Amino acid sequence: MTRLLPHPLVSLGLFLFWMLAQNSVAPGPALLGAALALLGGWALALLRPGRVTPRRPLLALRLLGTVTRDVIRSNIDVARIILLRQPARRAGFLRIRLGLRKPEALAVLACILTATPGTAWVEFDEEEGWLLLHVLDLVDEEHWVRIVKERYEAPLKEIFP
């Protein structure tokens, strides 16, 4: 069974999404959806994702709250810059040395930084651990380094040991 459906929940989700997108339960779309669901599960199996065992669920919730607050603040700041035609003080790139090496933790950090308006994860050098981050309103580089290292990286190190 695991060879045919290595990731049954992923395949089921893909199938249901396909059927909802087609807005039909006719045999043709169902057959095509089943084929796509099987292919999607097999493709994910080829990637060989590792088992993720996050720790410290309360810390993860606290990190989620921090990220939510930061996203709301950043939305307001970026809207102020755009709608009120306030010029950004200085947009620029910033290099930050990270201690994170777990791919799952790095993926979460990339999502956090890219989802926050005004920042974008540009590049990560795996060998050296350097993150290249673009910031729309780069006033104080040390401030941004502290935000990434203390607010995001430190909790992620504990959540993904």
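**Figure 1. Salt bridges in the predicted model.** The structure holds five salt bridges. The coordinates come from a predicted model.

**Figure 2. Glutamate 158 pairs with arginine 56.** The closest N and O atoms of this salt bridge are 2.1 Å apart. Glutamate 158 sits in helix H5, and arginine 56 sits in the loop between H2 and H3, so the bridge ties together parts 102 residues apart in sequence. Glutamate 158 is partly exposed, at 38% relative accessibility. Arginine 56 is also partly exposed, with a relative accessible area of 41%.

**Figure 3. Arginine 151 forms a salt bridge with aspartate 70.** Their closest N and O atoms lie 3.1 Å apart. Helix H5 supplies arginine 151 and helix H3 supplies aspartate 70, so the pair ties together parts that are 81 residues apart in sequence. How accessible is aspartate 70, buried or exposed? Its relative accessibility is 6%, so aspartate 70 counts as buried. Arginine 151 is partly exposed, with a relative accessible area of 34%.

Figure 4. An α-helix has 3.6 residues a turn, so residues three or four places apart point the same way. Arginine 80 is partly exposed, with a relative accessible area of 37%. Aspartate 77 is partly exposed too, at 40% relative accessibility. Elsewhere, salt bridges with shared partners join Asp70, Arg73 and Arg151 into one network.

**Figure 5. Helix H4 has buried residues along one face.** H4 covers residues 103-115. At 1.5 Å a residue, its 13 residues should span 18 Å, and the end C-alpha atoms are 18 Å apart, which agrees. The buried residues of H4 include Ala105, Leu106, Leu109, Ala110, Ile112 and Leu113. Seen down the helix axis, the buried residues of H4 fall within an arc of 165 degrees, so they line one face. What covers them? The cover includes helix H3 (57-83), strand S2 (119-125), strand S3 (130-135) and helix H5 (141-159). The face turned away from the buried side of H4 carries the exposed residues Pro103, Cys111 and Ala115.

**Figure 6. Tryptophan 144 is a buried residue of helix H5.** Tryptophan 144 has 16% relative accessibility and therefore counts as buried. Which residues does tryptophan 144 touch, leaving aside those up to four places away in sequence? They are Leu94, Ile96, Thr119, Val135, Asp137 and Leu138. Leucine 133 is 11 residues from tryptophan 144 in sequence. Their C-alpha atoms are 9.6 Å apart in space.

**Figure 7. Five residues make a nonpolar surface patch.** Leu4, Leu32, Leu36, Leu39 and Trp42 form the patch. Its area is about 460 Å². Leucine 39, one of these residues, is found in helix H2, residues 27-47.

Key: Residues numbered from 1 in each chain as written. Predicted model: local features only at pLDDT ≥ 70, side-chain atom pairs only at ≥ 80, totals over all residues. Heavy atoms only, no water. Patch = residues over 30% accessible without salt bridge, like charges linked within 9 Å, V, L, I, M, F, W, Y side chains within 5 Å. Areas by Shrake-Rupley, 256 points an atom, 1.4 Å probe, with all protein chains shown as cover. Salt bridge = Lys/Arg side-chain N within 4 Å of Asp/Glu carboxyl O. Helix = DSSP H or I, 4+ residues; strand = E, 2+ residues; numbered from the N terminus. Expected span 1.5 Å × (residues − 1). Buried < 20%, exposed > 50% of the residue type's maximum accessible area, 1.4 Å probe, protein only. Arc of directions from axis to C-beta. Contact = heavy atoms within 4.5 Å.
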